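Q: I have a structure open and would like to go through how its parts pack. Can we start with a helix?

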Amino acid sequence: MMTGTYWRRRLLGFEFVTGFVLTGGMVALVLLSDVLFPDGGSAMDLTARLQPPGQSLAHILGTDPLGRDVLARVVVGGQVSLTVGVVSVLGAVIVGIAAGLIAGYYRGVWDIVLMRWADVQLALPFILIAITFAAILGADMWRLIAFMAIAQWVQYARVVRGAVLSLREREYVQSARSFGVGDLAILWRHILPNAIGPVIILMTLNVANNILLESSLTFLGLGIDPLTPSWGGMLADGRSYLQSAWWVGVFPGLAIMLTVLGLNLLGDWFRDVLDPTSQSGT
Amino acid sequence: MIGFLARRLAQAIFVIFVVTLLVAWAVRLSGDPAVMLAQGAGSVTAHDLENIRRGLGLDRPFSAQYLGFVSGMLHGDFGRSFMGGTSVALLIRQALPLTLLLAFVSLALSLLISIPLGIQAAVRRGRLADQLIRMLSLVGLSFPNFWLALMLVLVFSITLGWLPPSGADERAGLIMPAATLAVILTATNVRLVRGAMLDTLSAQYIMVARGKGLGERAVLYRHALRNCAIPLITYIGLQFGGLIGGVVVVERVFNWPGMGSLAFDAVAARDYPVLQAVVTILAAMIVLVNLATDVIYGLVDPRISRE
């Protein structure tokens, strides 16, 4: 068992550092993309079309069929994916926390309605419905965000409700109530902070999932407008050049994978740190 | 128990109802299919459009259309494709077996890898091997399935020339789509096997089996694995929705002529009866698999159904 904890601890450190570097690095690059690549990745260098990576300093990752710099487009393309991932999760979290707090604290009819609806929603095959809606109604960034938030808020509502149920009868909450602290203050100051751990884990994993979902919808032509640089859109372009210019299709996918891997590593690390009873460790 | 069954069944029916309603509503919102059908047909009068609408049954109110669609589905009549009037049921009879084949081959492939790996991870819990398997599974979880598919094509079709890049004409066409899905499924399944095995290995009968001098292999595979079969089947059943979602996307990349490709062709042609039928059938399958999983679990472990 000694060796067990040893390796677990080594890898936990590794998970955190790698996850933090990957996620943080990607976020930093994307936040700085307007400074790093003021042309938004759309400048065409027609003398250097389909240039392989490593041939010139101007195009370290090569160029696409229109002579646009692949590195610039990957970095700028990250804006869409990260925005969709983060904003959709924030929307879902806000609605989910509010609903979960109300249902768990006040119980009653709200609780019953919420939980029955959550059961239904969790059983819906959302990927299929997403494809159908995007295909029929067309999609843009805000529709995708709204769709994901609507699809996922119940996950947070469930988690928060469960935590509230276990906390509301605790002594410290009872004593706060006996001092005349209002419901809102109790929820906000005494219950929410203790329920936030599982929410953070879920958020991290859902940002990753939503980045994957957005890029696959865009890749299939059902997501972000192809004229806006995005990872899924670049992969759809790169697909036709797989034979002659592999780099057009390799680097955007690598960007998705590294971002998602970073988030998954952080999520795993959070799980171990925030939830000491978790089964995943030693 | 009966109450539990009835509740789950009612819920499943309600979910299918919500799905059909959402799909029918989306189709309805999309604008007038008659205009789209008439595009490129030269001069079209309002009268022609009216005729097309009547021919497609679009002149009836939404409730009538919806009821017609549902009762048709219940009778096995999925309507006719907007494109040339082929029976949708026929299209589905051709596509569904290919989708199921792909789904089950990927699942089988993934179990073949994840059961031994998950068992090893559980036995060596916390040690280097366990941690490496855990890292690998995180990497597997991070692959966008469509990109992994493209990378396999790049390596095995374009660079090495070993496998056909797409289609279902040759048997080898199954290898890459199944491998793509299996990698991603394995990433989750390894964790499920590991978790289920950890719960089982601490049980008393395992100690008894070890104590009576059984070999480690026999203990693990004959006693432990058999006892965690039920939780495993449950977890895997609950992932069926994700599997089908993945199949739909991967089919598209490899031009595998299953339900996914059928759906995307229908999208491109705005062929709504086909799209509607494909989505409804896949959704109903997912809901029924989840229902069956719940029921099996409830039968085996009565604590669940009393909750």
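**Packing, helix by helix**

A: The buried residues of α9(A) pack against α3, α8 (183-219) and α10 (246-274) of chain A, together with α7 of chain B. Keep in mind that this is a predicted model.

Q: Which residues of α9(A) are the buried ones?
A: They are A:W231, A:G232, A:G233, A:M234, A:L235, A:A236 and A:G238.

Q: OK, the nonpolar core next. Which residues touch the most other members of the largest one?
A: A:Y156, A:V160, B:A263 and B:V278 do, in a core of 166 residues. Helix α3 (residues 70-106) of chain A gives this core its largest share, 18 residues.

Q: What does A:Y156 touch?
A: Leaving aside residues up to four places away in sequence, A:Y156 touches A:A92, A:V93, A:G96, A:I97, A:G100, A:V199 and A:L202.

Q: Back to α3(A). At what angle does it cross α4(A)?
A: Roughly 130 degrees, and the axes of α3(A) and helix α4 (residues 108-123) of chain A come within 7 Å.

Q: Left-handed or right-handed?
A: The crossing of α3(A) and α4(A) is left-handed.

Q: Which residues meet there?
A: From α3(A), A:A99, A:I102, A:A103 and A:Y106; from α4(A), A:G108, A:W110, A:D111 and A:L114. By class, the contact of α3(A) with α4(A) has six nonpolar residues, one polar and one charged.

Q: Now chain B. How far apart are the axes of α9(B) and α10(B)?
A: They are 10 Å apart, where helix α9 (residues 204-211) of chain B packs with helix α10 (residues 216-227) of chain B at about 145 degrees. The crossing of α9(B) and α10(B) is right-handed. B:Y205, B:I206, B:A209 and B:R210 of α9(B) make the contact with B:V219, B:H223 and B:A224 of α10(B).

Q: Last topic: how many residues does each chain put into the contact between them?
A: Chain B puts in 45 residues and chain A 42 residues.

Q: Which helix gives the largest share of chain B's side?
A: α1(B), with 10 residues of the side that touches chain A. That side of chain B consists of 33 nonpolar, nine polar and three charged residues.

Technical notes
Residues are numbered from 1 along each chain as its sequence is written. Chains are lettered from A and ligands numbered from 1 in the order in which they are written. This is a predicted model: local features need pLDDT of at least 70, side-chain atom pairs count only at pLDDT 80 or more; totals for chains, interfaces and linings use all residues. A nonpolar core is a set of buried Ala, Val, Leu, Ile, Met, Phe, Trp, Tyr and Cys residues joined through C-beta atoms within 7 Å. A residue is buried if 20 or more other C-beta atoms lie within 10 Å of its own, exposed if 12 or fewer, and partly exposed in between; C-beta atoms are placed from the backbone. Helices (H or I, at least four residues) and strands (E, at least two) are DSSP runs, numbered from the N terminus. Two residues are in contact if their C-beta atoms, placed from the backbone, lie within 7 Å. Ala, Val, Leu, Ile, Met, Phe, Trp, Tyr, Cys and Pro count as nonpolar, Asp, Glu, Lys and Arg as charged, and the others, Gly among them, as polar. Axes are lines fitted to C-alpha atoms, for helices over the stretch in contact, and angles run from 0 to 180 degrees between N-to-C directions. A crossing is left-handed if the near helix is turned anticlockwise from the far one by less than a right angle, and right-handed if clockwise.
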